[in-house]
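Let's walk through this structure together, from the overall form of one chain down to single residues. Please open it in your viewer and follow along.

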Amino acid sequence: MSEAVALMPTCLVDLVRPETGEAAVRVLRRAGYTVSFPPGQTCCGQPAWNSGFPDEARRVAQQTLNALAASEGPVVVLSGSCASTMLHVWPELFPDDSRAAAVLERVVEFGALLAPKAQPATPQADAQPTAYHCSCHQRRGLRDTESGARLLDALPGVERREAAEEDACCGFGGTFSIKFPGVSGAMGRDKVRWTREGGAETLVSGDLGCLMHLEGIARAGGDPLRTISLPELLDREGWTP
Amino acid sequence: MTAVYGRDGELGERLEKALADTKLTVTLQKSRRHMIGFRGDVSERHPDWPERVERAARIRTDAVARAPELLARFEQQIESRGGRVIRAATPEDAVRAVLEIARERGVKLVAKGKSMITEEIELNEALESQGVEAVETDLGEWIVQLAGEHPSHLLAPVIHRSRAQIAEVLSEERGETMSDDPAEMVAYARGRLRSAFLDAGIGTTGANFMIAETGTVIVLENEGNGRLVSSIPRCHVVFAGLERVLETTADAAFMIEQLSLAAVGRELPSYVSWISGAGRNGDDGPDEVIVIVLDNGREAIRNSSEAEILNCIRCGACLTVCPVYSKVGGHAYGAVYGGPVGSVLTPLLAGMEEGEGRKLPFLSSLCGACSDICPVGIPLHELLIRDRALANDAGLAGFAERAAWQAWSRAWSSPRLYRASARAGARSGPFARAFGPGAAWASEREGLPLPARRPFHARWAELERQA
């Protein structure tokens, strides 16, 4: 009997990069999970919350909470940032709500669910030099800098390279990226440079916001750095536990 | 009106100017890396760092909550040993008090130790307008003063200038070209500043802490100038925000260590001055010690939901480690207090109702590095978000922005409207590219991420069949 998980692709994956969600489903199935997609979920509310609109955030989060409450098994979130918002902000949005607390007990970020099952592999001769970008909310919100790296290390086709200044923010920051594009862009260019200094030719992240920002920065600078989401990388490399 | 904010015009222009200054970034990122390095060493030497942060937070939260009572005790104690306390509700009150002290004593020269409060009340400008010369004696502050600038960091006022750029300022002051050899520059400054210590009628300092049970002012510094200005001039004037108070000497001893560890990675700074009143019976020390305790909006913050920001001990770590600060430097904020703590504090002090200060809470990617490094455990990135909401409520968010978020929340709290918005988004690609957020995105990045033709939720049925 395989374990049931409920997928929360997040609004960004759902609407902008559905391929990331499809890859996640395939990877989870190969890892032995039965995947459900709780209907009615929309967004965790982070965009409004971080912009200083808590009431609007609550209303949207309530919808997603209702959808997830009806599901079973771990709620697998395809973003460290959204998982962190759920775990840290939802208790403020829904105080004394036992249903919310029960959902939050099941919340786990995609990489964090799978990393304990990952076994280190020896990189092949033609392994791709690849850096893992740990989003700030994965790092400081979920206190998890290990999962992504551990999963990369389980792929023979990947040789993991540390970026310089690994713990520096990439400058995405949600609406920050469009409220202060100049500062955000400058931070992103640093991040791309530091990633390159570490020798990586591919950049992978579990957070699509950071990844699309860095992808756009690299392209605008004529840098051939390739970007790929963590689920798509694991899918492409055919990873199984 | 207070100068907490609003010094150099438009925020956007300042950011642009700062981003064009590549030397600035190199200096600031070096300093960021240095701090991350020594903080690692601190954590190794003090494996109980998380518990220390919790203890510091408890001490500060308690002291801020009881500030009126503790200040009364402080006042009583220091006055019993010849000190005097003046309460200033506003910067104007504080300035008026100092000018009167100077006039009564016929003082023409004031030697200043480092103090951000005197920046907040614009003391130098006020003194000069009355013909009283003010000389900054902290090396960094002196250079900033000579250059006609303001400090760009709570702790390292001249960090925005490279060594060569500092040599330029000193060369101009000296009237001949100086090398950028630090030893030579320091020797020159020492010679020039010596007379200020000896000739000043008033010496001023800030206060890192005020101890209620003993009536003691604590001044921490690394150059010795704070010790000199608080002991040689006949009158010592201390400037302190009302939140600087602590209850006990034991609390102070712990907090001194915590502040120093956070700021420079050492258990103690080079100088710790404990000042508990005027000099007596031939002691070294001034005839008078006057402590000016400034409110300027702090009491209102203390009684609000944002009181936690008053726990700050001004170590400057959140500035140094901030990726935004290290990209644009302190002057870009256009406020006395920059960086994460300044972005939280400035609009709370200056008021959310108007002014550019209330934009500062938005000048953050919310990466949380500030909250992580804070030695008193202030969740700065959470306070930034709360400030954003306060600013929106006070009118920063216009009708259109508010309406947009409301429409968004209505649509995305209904599965049907959410799916409809996905379809509409997929059709509006070209518009998104040309206008508003899309254009802002594209100004720095190639390839605007556009809504997919078939979102994940539309693909699910097929995925389910594949299972």
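Predicted model: local features only at pLDDT ≥ 70, side-chain atom pairs only at ≥ 80, totals over all residues.

Residues are numbered from 1 along each chain as its sequence is written, while chains are lettered from A and ligands numbered from 1 in the order in which they are written.

Let's begin with chain B. Its secondary structure comes to 23 helices and 10 strands; helices (H or I, at least four residues) and strands (E, at least two) are DSSP runs, numbered from the N terminus. The radius of gyration of chain B is 25 Å, close to the 23 Å that the globule rule gives for 467 residues, so chain B is as compact as a globular protein of that length. Here the radius is taken over C-alpha atoms, and the rule is 2.2 Å times the number of residues to the power 0.38. Along its principal axes, the C-alpha trace of chain B spans about 95 × 55 × 45 Å. Buried residues make up 50% of the 467 residues in chain B. A residue is buried if 20 or more other C-beta atoms lie within 10 Å of its own, exposed if 12 or fewer, and partly exposed in between, with C-beta atoms placed from the backbone.

Among the buried residues of H12(B) are B:Met255, B:Ile256, B:Leu259 and B:Val264. How does the length of this helix work out? At 1.5 Å a residue, the 16 residues of helix H12 (residues 249-264) of chain B should span 22 Å, and its end C-alpha atoms are 22 Å apart, which agrees; the expected span is 1.5 Å times one less than the number of residues. B:Gly265, with a positive phi near 80°, follows H12(B).

Turn next to chain A, where four strands form an open, parallel sheet in the order S6-S5-S7-S8. Strand S6 (158-160) and strand S8 (226-229) of chain A stand at the edges, each with a single partner strand, so one side of each is left without a neighbour in the sheet. Two strands pair if DSSP finds at least two bridges between them. Three bridges join strand S5 (residues 128-133) of chain A to S6(A), with A:Thr130 and A:Arg160 as bridge partners. S5(A) also pairs with S7(A) in the parallel sense, over four bridges, and A:Tyr132 stands opposite A:Val204 in S7(A). Five of the six residues of S5(A) are buried, so this strand is largely enclosed by the rest of the structure.

Finally, two loop residues deserve a look. A:Arg143 lies between helix H8 (136-141) and helix H9 (147-152) of chain A, and its phi is near 55°, a positive value in a residue other than glycine. With 9 C-beta neighbours inside 10 Å, A:Arg143 counts as exposed. B:Glu122, in the loop between helix H6 (116-120) and helix H7 (123-129) of chain B, also has a positive phi near 55°. B:Glu122 counts as partly exposed, with 18 C-beta neighbours inside 10 Å.
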